[in-house]
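Here is a short briefing on one structure.

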Amino acid sequence: MGMAKKGPKFAAMKKLYEQLNPSKKDLDKDKLPHNLPNVPSALFFKYNTALGPPYRVIVDTNFINFSIQNKVDLEKGMMDCLYAKCTPCITDCVMAELEKLGQKYRVALRIAKDPRFERLPCTHKGTYADDCIVDRVTQIRCGQHNTCDRDLKRRICKIPGVPIMFITMHRYSIERLPEAAIGGAPRI
């Protein structure tokens with residue numbers, strides 16, 4: 001029985017590679033790109049540790065409509081999912097979108113005008129709610145977002161530290177919140 005052959009060590013191969021390719025060296029600090037996004041210090045991997053009760057939750061048009069279809073009370077469903085006090089927030093753009101949709105969505109508009117909802121004023125032009133919500137979530141990462149819209153969910157998933165609440169099996173579930181599992185926090 002023969003002995004297995006051993007190859008060169010990693011450090012020896014790295015030095016050999018650097019000698020063969022002298023033009024490829026590490027970037028100095030002054031050569032690094034300057035347009036790196038500022039990431040808050042509260043982010044731990046993809047979780048935001050600055051989130052805590054009472055939660056401020058930004059509500060989307062589709063989320064209100066699907067809550068009505070699934071017969072789930074918004075505030076009670078949020079509190080059941082997060083086990084904490086929740087304040088639903090709605091932007092002016094979402095209200096304008098509900099008003100534009102007309103008679104078919106009058107129940108959703110009545111729910112959105114509830115005094116328990118906090119109104120968030122918009123200063124930009126136009127009433128496209130998805131762009132407004134993405135801008136607001138990008139600027140302030142201290143809230144959560146509720147949506148059932150796939151495109152908006154994809155856009156918000158690219159922003160680190162923003163948990164997303166959605167509807168599954170006639171109740172609310174949340175993703176990307178450290179202590180929460182699907183359907184609420186784990187029970188002891």
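**Strands and sheet**

Strand 7 (residues 164-168) and strand 8 pair in the antiparallel sense over 5 bridges. Two strands pair if DSSP finds at least two bridges between them. Helices (H or I, at least four residues) and strands (E, at least two) are DSSP runs, numbered from the N terminus. This is a predicted model: local features need pLDDT of at least 70, side-chain atom pairs count only at pLDDT 80 or more, and totals for chains, interfaces and linings use all residues. Residues are numbered from 1 along each chain as its sequence is written, and side-chain values use heavy atoms, leaving out hydrogens and water.

**The sheet as a whole**

- Ile164 has Glu175 of strand 8 as its bridge partner.
- The open sheet has 6 strands in the order 5-4-3-6-7-8, with mixed pairing.
- Strand 5 (118-120) and strand 8 (171-175) are the edge strands, and each pairs on one side only.
- On average, neighbouring strands of this sheet are turned by 35° against each other, direction ignored.
- Strands of a sheet pair through backbone hydrogen bonds, either parallel or antiparallel.

**Strand 4**

- Strand 3 and strand 4 run parallel, joined by 4 bridges.
- Tyr55 has Cys86 of strand 4 as its bridge partner.
- Strand 4 and strand 5 also run parallel, with 3 bridges.
- Thr91 stands opposite Leu120 in strand 5.
- Strand 4 is largely enclosed by the rest of the structure, because 6 of its 6 residues are buried.
- Buried means under 20% relative accessible area, exposed means over 50%, and partly exposed is in between (1.4 Å probe, protein chains only).
- Cys86, Pro88 and Ile90 point one way from strand 4, while Thr87, Cys89 and Thr91 point the other way.

**Helices on the sheet**

- Helix 3 (residues 74-82) lies across strand 3, strand 4 (86-91), strand 6 (144-146), strand 7 and strand 8.
- Helix 3 runs at about 50° to strand 8.
- Axes are lines fitted to C-alpha atoms, for helices over the stretch in contact (heavy atoms within 4.5 Å).
- Angles run from 0 to 180 degrees between N-to-C directions.

**Asp60**

- Asp60 lies in the loop between strand 3 (55-59) and helix 2 (61-69).
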